[in-house]
Amino acid sequence: MYTLRPYQQDSVQATLHYFRKHNTPAVLALSTGAGKSLIIAELARLAKGRVLVLAHVKELVQQNHAKYESYALKASIFSAGLGRKETDKKVVFASVQSIANSLDQFTEQFSLLVIDECHRVPLDEDSAYQRVINHLKTRNANLKVLGLTATPYRLGLGWIYQYHTRGQVRSTEKRFFRDCIFDLPIRFLLEEKYLTEPKVLDMAIMGYDFSALKSSSTGHYQEQDLNAVINKAIRVTPQIIKQVIEYSHDRKGVMIFASTVAHAQEIMGYLSMQNAALIIGDTESIERDRIINAFKAQKIKYLVNVSVLTTGFDAPHVDLIAILRPTASLSLYQQIVGRGLRLFAGKTECLVLEYAGNHYDLYQPEVGEPRPDSDSEMVTIPCPACSFKNNFWAKVDPAGFVIEHYGRQCQGYSEDALGERIICGYRFRAKICEMCGCANDIAARRCSQCEHILVDADKKLRDALNLKDAMLLTCVDMQLKAGKNKFGKAQLQVTYIGDDNAKIHETWQLGTVRQKKDFLARFIASHLIDRHREFTESAPSKVIRYQHRLRHPEMIIAKKEGRFWKVRDKLFDLDFYKS
């Protein structure tokens, strides 16, 4: 019987609290070594109905099952790889593929579905995971679905859920999991001594140069491309392995992650005098189990593998990891390093030797917007609309003050009285549609509201230089004057003043409802400083009263029509677009 750590108990309570109110799929984000198996076991023990626990490899099925039975309870295993297909107990631990191939054997109702390594769940309805989920929902429409993962993101997709427990929007696009209801960062586990500290050494001088290779959408590379790089560096591999052996002199367990099968076989040739073994995808199940058991028993010191042993492999004595393969997948990199972070008697650190040029921050993963440059820092920027504290990349001066941040849209959300999610959506910088006034993302090509084509400010400026009878006015001030047209109807004259005191005028007619609506969309929307506050005034005198809420453009592009200059474009935030 195991005793849950405080954070494990907290994650269980968060799950119970969430599913009392919601039926939408949720995620527990728990770093490698946090003890997901114990949390799964406790949730299964507490569940009132039947529970199905899914994993993608037999090792995880076996591990999760063993933790549950440590509570002196019995559970079924349904896994072809383990040679067992049982469904009689209240709790069933299963391989997803085994169930997907035998859905007719699961006719009873389940109340809870737990998915380990849930970042593997795709949106594709034809996938094994989705077939299992849809089948279970035909038996119970209120099925609760809980995912657990150390890496809640996927290459090409980003975050696997939409909303974070601290009120943060991770994605505005559809995700299978709606909420991350508990998030335990690796730094907490390290500070509380629940994990072993990784010590990463960049071995670039002796490593491979995979920088010219292009990865697939899943972060993998073509085998022939990898072999071509390795073959060019024919003298490098023996030197690397010699160095790994030197570093591992006082180490207990060494894992070497090779790029290809041919690469791994070459590595094994240089480890011939050591206690070493190789596992690849084609290794027979019996032989694989024999090697893993021998490695865990420390009868083998060096374990070489290719694209396996990244999840579902638990050997706490591992204290050196040599990475000789590239990956564009942050989650895969974290899984690799995670093999060496578990606690073990006498182990004070895990040495990670990076030979493939992978550069990832284990403590602050870059998911979504990448770091703009090496000098950028993560800062907290409050939203002026909802006060949510956003985390954005920024330029910071030596005193710690933010010079400029790169945040585009507020990440905050709130709930109304009915529990519906309301995304703040405030844009720190936006392309204001000149037709309807809608605030769009700065990278948008068409307005999300009216489909009008949006043109970047710098392109407008370049195009203006090629116009005949055009004038560019660097605007330093803007004056408003109320008046009436020849029919006695209200109008507002706007005067843009240049740095040489040159002036360009434009007049807005405000006598009809349609004219007022057009004015608010085409003038106020682009000039408004505090876009998070509503501006509905269209009477000239009231607009002038609130002129302090309006900004002047940086540049006016005007075209001559007859004897007068007519405003063609107004440009804002030029420095930002140029950067």
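**View A. Asp530 is buried, at 10% relative accessibility.** Buried means under 20% relative accessible area, exposed over 50% and partly exposed in between, with a 1.4 Å probe and protein chains only. The model is predicted: local features need pLDDT of at least 70 and side-chain atom pairs count only at pLDDT 80 or more, while totals for chains, interfaces and linings use all residues. Residues are numbered from 1 along each chain as its sequence is written, and side-chain values use heavy atoms, with hydrogens and water left out. Asp530 and Arg549 meet through their side chains in a salt bridge (3.0 Å, N to O), a term for a side-chain nitrogen of Lys or Arg within 4 Å of a carboxyl oxygen of Asp or Glu. Arg549 lies in the loop between α14 (540-545) and β29 (555-561), and Asp530 in the loop between α13 (513-527) and α14, so the pair ties together parts that are 19 residues apart in sequence. Helices (H or I, at least four residues) and strands (E, at least two) are DSSP runs, numbered from the N terminus. Arg549 is also buried, at 8% relative accessibility.

View B. Between Arg421 and Asp179, the closest N and O atoms of the salt bridge are 2.6 Å apart. Arg421 is in strand β23 (residues 421-423) and Asp179 in strand β12 (residues 177-184), so this pair ties together parts 242 residues apart in sequence. Arg421 is buried, with a relative accessible area of 16%, and Asp179 is buried at 3%. Glu415, in strand β22 (residues 413-415), counts as partly exposed at 43% relative accessibility. Leaving aside neighbours within four places in sequence, Glu415 is in contact (heavy atoms within 4.5 Å) with Glu420 and Arg421. The side chains of Glu415 and Arg421 make a polar contact of 2.8 Å. A polar contact is a pair of N or O atoms within 3.5 Å; within protein, one must be able to donate a hydrogen and the other to accept it, and residues adjacent in sequence count only if both atoms are side-chain atoms.

**View C. Lys570 and Glu506 form a salt bridge, with the closest N and O atoms 3.2 Å apart.** This pair links distant parts of the chain, 64 residues apart: strand β30 (residues 564-571) holds Lys570 and strand β28 (residues 503-509) holds Glu506. Both count as buried, Lys570 at 17% relative accessibility and Glu506 at 14%.

**View D. Strand β6 (residues 112-116) has five of its five residues buried.** In a regular strand the side chains alternate between the two faces of the sheet. Leu112, Val114 and Asp116 point one way from β6, and Leu113 and Ile115 the other way. Strand β2 (residues 51-55) runs parallel to β6 and is joined to it by four bridges; two strands pair if DSSP finds at least two bridges between them. Val53 stands opposite Val114. Strand β7 (residues 144-149) is also parallel to β6, with five bridges, and Gly147 in β7 stands opposite Ile115. Together β6, helix α5 (residues 128-139) and β7 make a right-handed β-α-β unit: with the strands pointing away from the viewer, the path from the first strand over the helix to the second runs clockwise.

**View E. Helix α3 (residues 58-69) has 12 residues and spans 16 Å from its first C-alpha to its last.** That is close to the 16 Å expected at 1.5 Å a residue, where the expected span is 1.5 Å times one less than the number of residues. Among the buried residues of α3 are Leu60, Val61, His65 and Tyr68.
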